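I opened this notebook to record what I looked up, one item at a time.

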Amino acid sequence: MTLDKAKRGQQLIIRKIPDELVRAQAIRFGITEGSVITCEEIVPAGPVVVRRSKQEIAIGRNLAKNIDVDLIQ
Amino acid sequence: MHNSTCHCGNVYNVAITGNPNVGKSVIFNYFTNMYTDVSNYPGTTIDVICGRCGAYVFSDVPGIYGLSGFTEEERLARDIILRSDIAVNVVDASHLERDLFLTQHLIDAGIPIIVVLNMMDEAKEQGIYIKIDELEKELGVPVVPAVAVNKNGLDLLLKKLPEAKTGNITPKLQEKVDLNTPSRPEALLIAEGDEDIAGRNSCRPGNYRDELYRLRRKRVNEIVDKVVREITVEASLSAKIGRLMLKPATGIPLLLITLLAIYQLIGVFVAQTVVGYIEEVIMGQYYQPLVRHILSGVVTEDSALWSVLVGQFGLLTMAVTYLFGLLLPLIFGFQLVLSILEDSGYLPRIATLLDRLLIGMGLNGQAVIPLILGFGCVTMATISTRMLGSDREKLIAIFLLAFAVPCSAQMAIITSMIAGLGFFYVLAYGLILFTVMVGAGTLLAKVIPGSSTDLWIDLPPVRLPRLANVLKKTWIKSAEFIKEAAPLFAAGALFLSLLKITGGLTFIENLLVPITVHWLGLPKEAAGGFILGFIRREFGTAGLFTTPMDPVQQFVALITITFFVPCIATAMIIFKERGWKQGAAIWLVIFVLAFIIGGLVAKFIQVINTMPGVSVMPVLAGLALIVLSVVLWVNWKSEGILKT
């Protein structure tokens, strides 16, 4: 599934970030393909807020659509 | 302490680097006894604030997450770091995983560094423990723990500066990049695909970014795993407040309450109680009569000199009263609010909450930050549009700032004028301002080809702002305003007095009658205000204040001057950032639009006035609300995320 379909409180593992620039930006914040994040908040029609350890990032909805994630049960 | 250029003989250039919001400026201020904040580097020329301390010249570098050059700000920071002898790398102890990426990037580039492990107190509160010896060993550079805001650890840092050195590089790096070259930082950045640096060395950018960034990230994660021990602590109050600010159900009411609180503080307390007392009692009853009394012994009353000094636009009366009686207390109030907003971590959360609205305006949520900073100073905010992701966004943000964002000085006068008129005037004014801003953005988004870049914003922890820092920042910005505005204000007042004495003012007033009287419905004396408005909009607003007008006329005049051309300082920055053609176009469009909007409001009011038994302002506010709904609907449809 893609990140924009995530629900609040879910733990997710990042599968693929297709855009190279976004990938480089994400890597600097500690988010790489394979890292585990928590979906903290979804602003309706707006950004998805994710957290990895103490780092919170708001990701625009269109960008979130292009990030592939898997749900961790 | 002195404010030098960064190149002196026999000194070391020290770049203070780090991620945004980690306390770089606090450390810079401590070493140099100077005051800076993030928005304090001027112009497109690379001229960053520097300060000297002993044999070191420190530069305060904008916050970055890596030596990548993705935005203009990052490119500026990168160039300063490349020109420095050593770097002080400030890291936030509670965000090591994020911050050490830049640290490792600096080490890989072969720059001698010393690491400051800042905010040790916050890390401890969050249950994070760091083995400092281990971290030093892994990185291969000195690490100094600190709590910069309390000045802990900074003297030790200064003592240890000579120990700065190049550290342990990312494993396998040397397989990709030739590290035995005198221009090693450049070699690394070129291999990582930095187009500027490649261009400067006339070679092709490499394509190792992805691979090197992955290796570096892996290395940083390994270090963090080794040196950080974390115990779970209950989510703090600040985390809970941060969450409430983000959810629309609580976030939007919180935002409205914040705005209302700001209005209560500035619009009611400062603008009416404080200014009322200073302006009417201190200035009106004591200062002005005293000046006139003293002067009457020296200067003949009603002579030319008399009216220049103490007449309608008198240097010693009008200029002094407005500057110190009206502007200073109000600007102090606005800057206080902005400092609190900046320091609290609320701004990025507003950006997240309003992202959807701003996408429809051709921007993204991040643009909320320059737009809100514009309510402090439009000139500085125009420079800060460099943080935006695309040229299209910069253009739209710069236009909106110049057009529809009144700076603190102008807001000061507007507030004191409109607050006295009553609640519905304030409401109608606010709604019209917001409608025009969203409308202009939505229209520009449709006209200018391209689409918004996506939001990617770091949400810093919500912090209780430190009173000392907030007050210092507020005081310095207010003092800067007076220093900059006083000579211009005096010159403007003098110019108007001379125009009046020579009869030039009457001539211009008569010339502008079709616009001022027929189109806007104002007294023809209002022309003087608009002349002052060319210098700075708040002078214009103050100038309008000197002409007696009824409430509706005051309202129309305020609306017009709000959207009037930006001040000279802002215009210069716009010309610098956008070139003279685009700059001139922006300026002229704004000039024309201001009168169109003012006139339309005047005509609407005339029409409403003809309806029997209707009070004007509530109806006007209602009308604005209807237009706003239409604009928001268009905004929502324009790039409807939900459509796909």
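The entries below concern a predicted model.

**Entry 1. The contact between the chains**

I began with the contact between chain A and chain B. How many residues does each chain give to the contact? I found 33 residues from chain B and 28 residues from chain A. I then listed the elements that give two or more residues to the side of chain B that touches chain A: α3 (96–108), α10 (209–227), α11 (237–246), α15 (346–353), α16 (355–359) and β9 (456–459) of chain B. Of these, α10(B) gives the most, with five residues.

**Entry 2. A strand pairing across the chains**

I next looked up β9(B). Strand β4 (residues 55–59) of chain A pairs with β9(B) in the antiparallel sense, over four bridges. I noted two of the bridge partners. A:I59 is partnered by B:W456 in β9(B), and A:E56 by B:L459 in β9(B).

**Entry 3. The surroundings of β4(A)**

I then stayed with β4(A) and looked within chain A. Strand β3 (residues 48–52) of chain A also pairs with β4(A) in the antiparallel sense, over five bridges. One of the bridges joins A:R52 to A:Q55, the latter in β4(A). The hairpin of β3(A) and β4(A) has two residues between the strands, and A:S53 there takes a positive phi near 40°.

Are the residues of β4(A) buried or exposed? I found five of its five residues buried. In a regular strand the side chains alternate between the two faces of the sheet.

**Entry 4. Helix α10(B)**

I returned to α10(B) and compared its span with its number of residues. Its 19 residues should span 27 Å at 1.5 Å a residue, and its end C-alpha atoms are 27 Å apart, which agrees. The buried residues of α10(B) are B:R209, B:L212, B:Y213, B:R216, B:R217, B:R219, B:V220, B:I223, B:V224 and B:V227. Seen down the helix axis, these buried residues fall within an arc of 165°, so they line one face of α10(B). On the other side of α10(B) I found B:E222 and B:D225 exposed.

**Entry 5. Helix α28(B)**

I looked for a bend and found a kink of about 125° in α28(B), centred on B:G579. Buried residues of α28(B) include B:T570, B:I574, B:I586 and B:V601. Among the elements that cover the buried residues of α28(B) are α18 (378–384), α19 (391–404), α21 (423–447) and α27 (551–562) of chain B.

**Entry 6. Residue B:E509**

Lastly, I looked up B:E509, which lies in helix α23 (residues 504–511) of chain B. B:E509 has 20 C-beta neighbours inside 10 Å and therefore counts as buried. Leaving aside residues up to four places away in sequence, B:E509 touches B:K524, B:E525 and B:A527. B:E509 and B:K524 are 15 residues apart along the chain, and their C-alpha atoms are separated by 5.6 Å.

Definitions and conventions. Residues numbered from 1 in each chain as written. Chains lettered and ligands numbered in written order. Predicted model: local features only at pLDDT ≥ 70, side-chain atom pairs only at ≥ 80, totals over all residues. Contact = placed C-beta atoms within 7 Å. Pairing = 2+ DSSP bridges. Bend = angle between axes of the 7 residues up to and from the residue. Buried ≥ 20, exposed ≤ 12 C-beta atoms within 10 Å, placed from the backbone. Expected span 1.5 Å × (residues − 1). Arc of directions from axis to C-beta.
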